[in-house]
Amino acid sequence: MFAFAIRSLAQGVLVLVTVAFIAFSMFRFVGDPVVNMLGQEATQQDRQELTERLGLNDPWPIQFARFLGDAAQGEFGVSYRQGRKVSDLIRERLPATLELAVLSAIFATGLGVLLGVYAAINRTGFVSNVIMTTSLIGVSLPTFLIGIGLIYIFAVELRWLPSFGRGEVVRLGWWSTGLLTESGRKSLILPVLTLGFFQLTLIMRLVRAEMLEVMRADFIRFARARGIADRSIELRHALRNTLIPVVTIAGLQLGSVIAFAIVTETVFQWPGLGALFVNAVQFADVPVMSAYLMFVAAVFVIVNLTVDLLYFILDPRLRSGRRVAKGH
Amino acid sequence: MMAADETAMDPVLSVRNLSLEFVTRRGVLRALNEISFDIARGEVLGVVGESGAGKSLTGTAIIGLIDKPGRLSGGEIWLKGQRIDNIGHDGLRKIRGRRIGMIFQDPLTSLNPLFRVGDQIAETILTHMPVSKAEARARALALLTEVGIPAPENRIDAYPHEFSGGMRQRVVIALALAAEPDLIIADEPTTALDVSVQAQIITLLKRLCRTRGTSVMLITHDMGVIAETADRVAVMYAGRIVEIGPVADVIRHPKHPYASGLMGAIPALGAKVQRLTQISGAMPRLNAIPPGCAFRPRCMQAIGKCAEAVPPLVRVGATSARCWLHEEQDERSAAHG
């Protein structure tokens, strides 16, 4: 188990270094940082001095090593457009995105597993058919359309919920949360639904399919033959076996929810990292772009690591590691 | 009538004229036809036949686990004087595991991979018996000891994948016996195991059931296992019992041509045989069972009557057979079948 964790960790680091290299090369291919920083009025002398001071005359492996060292400490330089440290910008925007993404993930996995199990157990029921049909809409409608549709119904027509922004936020240290005020909570509802709806339907369909598969397994038949109660067979024996593959997909989906909340953030004018990135792209703000790239990679690496470790909790066959292979 | 009179009074299990159908789009398929047999207390009934003859289906029907679109279309199943084929889902659930234990073919897939074996045994005990968790665990430990798991106090907390195939089947047997049932239905319990392990498992099953007085319905296509283990044997063909009787009589003097064909296919150690006899052809599919005797197309001794009507099960000496060749010998031939 320990060796496995180390191996996963090493793989994660390798991924991060590779992505860092891509983020690093962006600086070299997208514009000249010296020109960006000094403007067009500067003299040749100024430029050479700045180039030397920034270490841009060093060989690229040294520059890359320096970039890695800074990145490891969360430093990505200064935004070209806003003139502020990228790390500060990210720290400022991170709470909004995380709050949105985590709530969406909880909404999607919680309700998704629940509905999936229900639809699997009552396969032919009317409610199951309604759930399955609705889920098709969720899988096929693009996120922005769902967002705009929700805004139209709940913000424009019914006027129940705000259509943009985070509402009032409360600062807790460097973290800002919308969960402690009523307007903050209200503002979260529509974006959370929008961001989570696709994941919800995906997870639900996955849980249903997996569960139906597991319910056909021999050990379920054997459990029935032992007289175990139906509820116990469904919710103990079958569900736990169902969750193993579901954890993988749900984990990866959580990663993409955090990383690619861009569309939802744009639709709802949500002041998160996605919006920051979209603005950065428009102005070729390379430090922000490369920092965002690193952030996305880090999220996926962390999520994957967590999923790998979750397997150990869920599946005893992995815990005994190598012995299994030799087994019978 | 039929074979009932040769078993002891008050059988543990009594199956009467059981029929089972599958309702499909192309029509109704009869998978089991007028199955009747008894199993006495402590008796081992072997059920043999080739794949698709309805052996496993009979076992599954008794325990009430027939999946749709299958359904019982006739007959009765009695367990110790209680009718169990019409008692509904919850009634059956209390019978399963508690009064009828089941052992499936593949021990590798019979156990839930995510639960410790001790917990699975204790779960079965707790489901059926009013005991505390500690008591259930103590019983699970005793059962594991009894089925011959080495160092059971350590193995009780192991997961199924940590056992070999043979050891897993021992765990499955412990599970089937956990709530002290009256009857064990063992559906090909050794087919998935190494030959060297098969004998151990059969011996174990036989010993445990004998000491507890548990009856066994042993479904297999291994005549060797039947010869060694069973008290009586039922030979099935295309959804019917074609011969049933004491194992020695059926093996030495089979009355039905299909049964004698099966016996001819057993290699005997020591005897010099050039070729094992073989029954030509294959068992008909459910949707293509010929009228009359289903075995007629493959039967070397078929007579005109065979194509006309299904022969009744008639008493021939110590056994009963469903064959027109023996009709004349038995005056009591009822209108069954």
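This is a walk through a two-chain structure, from the fold of chain A to the interface and then to some local details of chain B. The model is predicted, so local features need pLDDT of at least 70 and side-chain atom pairs count only at pLDDT 80 or more, while totals for chains, interfaces and linings use all residues. Residues are numbered from 1 along each chain as its sequence is written, chains are lettered from A and ligands numbered from 1 in the order in which they are written, and side-chain values use heavy atoms, with hydrogens and water left out.

Let's start with chain A. Chain A holds 15 helices and two strands; here helices (H or I, at least four residues) and strands (E, at least two) are DSSP runs, numbered from the N terminus. Its C-alpha trace spans about 85 × 65 × 35 Å along the principal axes. Of the 328 residues in chain A, 42% are buried, where buried means under 20% relative accessible area, exposed over 50%, and partly exposed in between (1.4 Å probe, protein chains only). Taking contacts (heavy atoms within 4.5 Å) in chain A between residues at least 6 apart in sequence, 70% join residues at least 24 apart.

Now for the meeting of the two chains. Chain A brings 26 residues to the contact and chain B brings 32. The size of an interface is often given as the accessible area lost when the parts come together. Here the buried area (the accessible area, 1.4 Å probe, that two parts lose on being put together, summed over both) is about 2,600 Å², with carbon and sulfur atoms giving 57%. A:Arg221, A:Phe222 and A:Arg226 supply 27% of what chain A buries against chain B, more than any other three residues.

Three salt bridges cross between chain A and chain B, each a side-chain nitrogen of Lys or Arg within 4 Å of a carboxyl oxygen of Asp or Glu. One of the salt bridges joins A:Arg236 and B:Glu123, with the closest N and O atoms 3.5 Å apart. On the side of chain A that touches chain B, the elements giving two or more residues are α9, α10 (230-259), α14 (316-319) and α15 (323-326). The largest share, seven residues, comes from α10(A).

Helix α9(A) deserves a stop of its own. Its residues A:Phe219, A:Ile220, A:Phe222, A:Ala223 and A:Ala225 are buried. The buried residues of α9(A) pack against α8 (182-215) and α10 of chain A, together with β6, α3 and α7 (165-177) of chain B. After α9(A) comes A:Gly227, with a positive phi near 85 degrees.

Next, the aromatic rings. Over all chains there are 14 aromatic pairs: rings of Phe, Tyr and Trp (its six-membered ring) pair if their centres lie within 6.5 Å, and planes under 30 degrees apart count as stacked, over 60 as edge-to-face and the rest as tilted. A:Phe222 and B:Phe104 have ring centres 5.9 Å apart and planes at 70 degrees, so this pair is edge-to-face. A:Phe222 lies in helix α9 of chain A and B:Phe104 in the loop between β6 (100-103) and α3 (107-110) of chain B, so the pair joins two chains. Both residues, A:Phe222 and B:Phe104, are buried. A:Phe277 and A:Tyr292 are stacked, because their ring centres are 4.4 Å apart and their planes at 20 degrees. A:Phe277 sits in helix α12 (residues 273-282) and A:Tyr292 in helix α13 (residues 286-314) of chain A, so the pair ties together parts 15 residues apart in sequence.

Finally, chain B has some backbone details to show you. Most residues other than glycine have a negative phi, and most peptide bonds are trans. The peptide bond from B:Lys68 to B:Pro69 is cis, with omega near 10 degrees, and B:Pro69 is in the loop between α1 (55-62) and β4 (70-79) of chain B. B:Glu34, in strand β2 (residues 27-39) of chain B, has a positive phi near 50 degrees.
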